[in-house]
Amino acid sequence: MSSTAGQVIRCRAAVAWEAGKPLVVEEIEVAPPKAMEVRVKILYTSLCHTDVYFWEAKGQTPVFPRIFGHEAGGVVESVGEGVTDLAPGDHVLPVFTGECGECAHCKSQESNMCDILRINTDRGVMIGDGQSSCGISTGYGATVNVAKPPKGSTVAVFGLGAVGLAAAEGARASGASRIIGVDLNPSRFEEAKKFGVNEFLNPADHKKPVQEVLAEMTNGGVDRSIECTGNINAMISAFECVHDGWGVAVLVGVPHKDAEFKTHPVNFLNERTLKGTFFGNYKPRSDIPGVVEKYMNKELELDKFITHGVTFSEINKAFDYMLQGVSLRCIIRMDG
């Protein structure tokens, strides 16, 4: 790979030229890495529902043309001036946010929202940093790092896509006794059993609000809830379904930019807690290697999230699978 170091290279990219239209696979030029940058040869990639969210551009400022892709694995091809932590040949995971290590957020033990390398969805170009993944870390971390369900507790997970199932996996790892999956798509229920979900609730099957149904099922409310849909009504339900006195709700999904969260203040006065999370509260460079170690040591099962595979030239199939709700993660092989 070193033969291309310092040179402009040509490679294939799936380019989104306008909202909701099929991506076009074409050749682009990639400049050599500048100071404190690396250039990575991507070997495998995947889609997150956030890719679909920004591809459809229904809830935020459209930025096109655009090249998506923040769930991937690859090898460092070359490095720019000043890069000392990485070298050509290193295996890395690109990430949509960063960790500079110097700002107030990075130095805090309670935050992962780097001041310098925090995501900016309107930027249109990428600021490079680290080495991590997205959906599974976000869902799993939302449970174990933020919700922190006590052993034997009851947890409700809203949305049983990949992020929600990762949240359920986190609840199981934490020792939750009841994990209730809430989803409008009953075809997801059987798959969710593999991730520890042992009860299911379809809001469409009930005439009353789902938070009331959950309160009746759990003698007053669940101990923890994790919302993974981005639907504002689901977010409100996730908060209002937790038990007064100790219940904690964690919001993970990305809502429409104009959405408003409305609930009665008494819900807070009755000692319910509402939290949000960004990337599962993981610091990319500090924490994600530990998540990888859990997988390598078979403490964290990731293979069961992979339900489909396509070649890079078939990338639009991966979008179709996501829109149809039939895939958790579709691996896209860059060699095809």
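Residues are numbered from 1 along each chain as its sequence is written, and side-chain values use heavy atoms, with hydrogens and water left out. Because the model is predicted, local features need pLDDT of at least 70 and side-chain atom pairs count only at pLDDT 80 or more, while totals for chains, interfaces and linings use all residues.

**Confidence**

The chain has a mean pLDDT (the predictor's confidence in each residue, from 0 to 100) of 90, and 94% of its residues reach 70 or more. Over residues 121–132 the pLDDT is below 50. Beyond near neighbours in sequence, that stretch has 31 contacts (heavy atoms within 4.5 Å) in the model. Where pLDDT is low, the predicted coordinates should not be read in detail.

**Nonpolar cores**

A nonpolar core is a set of buried Ala, Val, Leu, Ile, Met, Phe, Trp, Tyr and Cys residues joined through side-chain atoms within 4.5 Å. Buried means under 20% relative accessible area, exposed over 50%, and partly exposed in between, with a 1.4 Å probe and protein chains only. Helices (H or I, at least four residues) and strands (E, at least two) are DSSP runs, numbered from the N terminus.

The largest core has 35 residues, and Ile226 and Val250 have the most contacts inside it. At least two of its residues come from each of α3 (135–147), β7 (154–158), α4 (162–173), α5 (189–192), β11 (248–251) and α9. The most is given by α4, with seven residues. Apart from neighbours within four places in sequence, the contacts of Val250 include Ala142, Val146, Ala147, Ile226 and Lys275. A second, separate core has 17 residues, among them Leu47, Phe312, Phe319 and Ile332.

**Helix α10**

Phe319 also belongs to the buried residues of α10 (residues 315–324), together with Ile315, Ala318 and Met322. Viewed down the helix axis, the buried residues of α10 fall within an arc of 100° (taken from the directions from the axis to the C-beta atoms), so they line one face of the helix. Their cover includes β1 (9–16), β2 (24–30), α1 (49–56), β13 (306–311) and β14 (329–333). Gly325 follows α10 and has a positive phi, near 75°.

**Aromatic contacts**

Rings of Phe, Tyr and Trp (its six-membered ring) pair if their centres lie within 6.5 Å; planes under 30 degrees apart count as stacked, over 60 as edge-to-face and the rest as tilted. The whole structure holds seven aromatic pairs. In one of these, the ring centres of Phe96 and Phe279 are 5.3 Å apart and the planes are at 80°, so the pair is edge-to-face. Phe96 lies in the loop between β6 (91–92) and α2 (104–107), and Phe279 in the loop between β12 (273–276) and α9 (284–296), so the pair ties together parts 183 residues apart in sequence. Phe96 is partly exposed at 23% relative accessible area, whereas Phe279 is buried at 2%. Ring pairs link both residues and Phe278 into a cluster.

**Backbone geometry**

Phe64 and Pro65 are joined by a cis peptide bond, with omega about -5°; Pro65 is in the loop between α1 and β4 (66–67). Two asparagines have positive phi.
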